[in-house]
Amino acid sequence: MSVLLNTENLSLGYQGEALIEGLDMTLEPQEFLTVVGLTGIGKSTLLRFMAGLQDQEQIGGQFTEKTGLRKAMVFQDYEQIFPWKTVLDNVLVGLEKSTVHLTESKEILMELGLSDKENAYPHTLSGGQKQRVAIARALMRKPELLLMDEPFGNLDYQTRRRNQKLLRKVFEKHAMSILLVTHDLEEAIELGDRVLLLKQAGEHRFYDVDDNAGREARTRLLEELIFELDT
Amino acid sequence: MRLRYIVVMLLTACLLYSGCSRPADEGVLKIADQYGLAYAPLAVIKERSMLEDKSLEVEWVQLGNASAIREAMLAGDLDVGFMGIPPYLIGRDKGMEWQVFTGLTSAKLGLVSNLSSIGNIEDIEVHHRIVVPQPGSIQHMLLSMAAERTLGDAAIFDSQLVSMKHPDGLQVLRAKGDIQMHFTSPPYVNMALAEEGFRLVLDGEEAFGGPFTFIIGVASKSMVENGQGIEIMQETLTEAIEWMQRNPDEAVKLLSAYYDLSEEDTRDYLLGEQLRFGTEIEGMGAFESFMSEAGYLTGIEEK
Amino acid sequence: MKRFVRHMAVGLVLIGLWQVIYLSGVYPAVSFPSVTQVVRSLVIELGEGVLGWQLLNTLRTILSGLLIGLLLAVLLVLLWRRKGFLADLVQTLVSVAHPLPGVALLPLLILWFGVGERVIIVMIVHSVVWPLAINLKAGMDAMPDIYNQIAHVFSLSWKTRMLEIALPSSLPYLLSGLKTAWARAWRAMIAGEMIFGVIGEHGGLGTYLFQKRVFMDTPALLAGLLIITVMGILVEDIFFVWVEKRTIRKWGMSR
């Protein structure tokens, strides 16, 4: 299988002013790439550009993606779950309520630990549960690429850890790639196969995360990332 | 605490308000008439300060319809009112203690149609609409009397009535929209009949079966029985009517200014056959018996 | 429901107070009839008279006016939310027309639409369309931008966007608009009829009040007012509360 998307010397920004400059990146199938950087550096801009949301412009460079690439997205905000739809209807939004879809959605909800919430309305759910509904909704689209914008950013530490583990499990089960933006460096290392660090003035670097590396290696990577962000 | 404060404020406001709106000045005679040439003697009294000359303190009010006059008299805001016979009868029927103390006007009322196809009341169809000043007005009663005589059902047109003031009625009649007829009084009858193709469907006296008084003056019973003011009123009315007859030129001048009409038109209306002023009262009994039989007077229900 | 019971209790107290004033004889019985007279009138008017028809007629007319007004409001809001000349036009129209009471327009409306049922419907539509449009617009404006992003990312159809997202999302606003619209339509209808008397076959409640006034049937007049009050309570305390319970309260969206 070919790469899902590829950028060469890509510059993005608003009203002619570049936020991201000269980005070269490639995303392989079934790869988990996390993006970190300081606030305002353009992490979300990059993600939204890839999602096709038209609020920023491509200023220069090349961007190519696999034709017909199936994408889905999970946002940071709890508001992404429609309060007037039950959990099941949220997951099925825009999809026909066929038997196939119903069976699939129930499986996905079970996978995300939401089976008993199928008919619940969102205002009765916790923040973590709402984000899992959003993930379930994205999974229903059978995405080849799942874009995630700080999905656990609003959660408390415990809930975040639990959801991170769940996400990694989901990632391994479904054949897809994930591009996840976060400001949490630990989360980036914990989840990603590769970490993209965005720095000022278009500087960027990739770090490989070795799943088999011990705690020490990971701590070293974390320290390196912290150091890079500070300079 | 705050609630008590508000209640006190409200009570104060109520007191102030009722204090202003109903001054209990015993001396002042409050008189209400309506707009139109049929009330011309009252205009003469007003303009020539004839009551004031007899050192009677008066206050004039002009109201839009008989219901308003009736309600104001019931509420104690008015002492004397001028209206048609039927509204008076309705009030008395419902237990108002008031009495007629004078007649004022007889007039040629008439039902005018704007369609050549409507020549008499048998031609009126269910979808036709008829303008009257109000249900229960003398115009409505005359229509019902004719309907009973000709068609055997007094109430047959009751759900086809539209209520409007005379000038508005004339305007919609001219517009030839969804209104086909207007039961009105001079000068509007004459103005309507001057339009091309408009016809007189029913004449008031023809409907009534003889002459009748159009406008009467009423006051509370106690006032009529022992009130000095009422006697002066009666006297002055007679004088005013006599004055109009003796000084037609002056009367025309005064009234044309008062009603903002041309002197020529005023002369036509006043000296023609349409309006006759006089203090006698005609037709009261016939109105009363018709209205009771047809169910427009029902009496007060006993408890 | 609790609110309904409370309102009823207050109503009973007021009725008691009424009877006390009647018995005190401060006001003449012609203008201040007893409670039993009023109740008897109510029974007679509903049973033998056309009050039932007039009530139905009133409701039917108001509902048609509301429906037309709602459709117009939706159209207006769709234009309003576009940028440019049309949006400015709608904006101006709303600010000019909204504060105008329908009754004030009546003399003009009569010239344009005659005095039939049409003119009442036009007046009701005028009374309801502006508050509906304003609320609907506010609801759409208050819709979180994230809904549009979701619609884009998940390629939702226009129909889904409108019916499953924009509509329920602005429902709290729409409902408060409908409440205002209902109250205004109700007033416009009664006021209009009280000015003309009969409109249509039997007319509506305004016609009823008008006729009872001119024939000085005060108990029946009060019976009519009672019907109007009860209708108001039914719609506001029962119907709208019922709708809210099944929608925005169930969804945790009530403002």
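Modeller: Two strands pair if DSSP finds at least two bridges between them. Strands (E, at least two residues) and helices (H or I, at least four) are DSSP runs, numbered from the N terminus. Residues are numbered from 1 along each chain as its sequence is written, while chains are lettered from A and ligands numbered from 1 in the order in which they are written. The model is predicted: local features need pLDDT of at least 70, side-chain atom pairs count only at pLDDT 80 or more, and totals for chains, interfaces and linings use all residues.

Biologist: Which residue of β2(B) is the bridge partner of D33(B)?

Modeller: Strand β1 (residues 29-33) of chain B pairs with β2(B) in the parallel sense, over five bridges. Within β2(B), the residue that partners D33(B) is Q62(B).

Biologist: Which strands of chain B stand at the edges of the sheet?

Modeller: In chain B, six strands form an open sheet of mixed pairing, in the order β2-β1-β3-β10-β4-β11. A strand at the edge has a single partner strand, so one side of it is left without a neighbour in the sheet; this holds for β2 (58-62) and β11 (275-277) of chain B.

Biologist: What angle does α11(B) make with β4(B)?

Modeller: Angles run from 0 to 180 degrees between N-to-C directions, and axes are lines fitted to C-alpha atoms, for helices over the stretch in contact. From one strand of the sheet to the next, the twist averages 25°. Helix α11(B) packs on this sheet and touches β1, β3 (80-83), β4 (98-107), β10 (215-220) and β11 of chain B, and its direction makes with that of β4(B) an angle of about 10°.

Biologist: How are α2(B) and α11(B) placed relative to each other, roughly parallel or roughly perpendicular?

Modeller: The axes of α2 (residues 40-47) and α11 (residues 228-246) of chain B come within 9 Å and cross at roughly 100°. Angles under 35 degrees count as roughly parallel, over 145 as roughly antiparallel, 65 to 115 as roughly perpendicular and the rest as oblique. The two helices α2(B) and α11(B) are therefore roughly perpendicular.

Biologist: How many charged residues are in the contact of α2(B) with α12(B)?

Modeller: Helix α12 (residues 248-259) of chain B packs against α2(B) at an angle of about 95°, with the axes 10 Å apart. Residues are in contact if their C-beta atoms, placed from the backbone, lie within 7 Å; A40(B), A43(B), V44(B) and E47(B) of α2(B) meet A251(B), L254(B), L255(B) and Y258(B) of α12(B). Ala, Val, Leu, Ile, Met, Phe, Trp, Tyr, Cys and Pro count as nonpolar, Asp, Glu, Lys and Arg as charged, and the others, Gly among them, as polar. This contact has seven nonpolar residues, no polar ones, and, as charged residues, one.

Biologist: Which chains share the most contacts?

Modeller: Chains A and B do not touch, as their nearest C-alpha atoms are 38 Å apart. Between chains C and B, 22 residues of chain C are in contact with 22 residues of chain B. Of the two pairs of chains in contact, the one with the most contacts is chains B and C.
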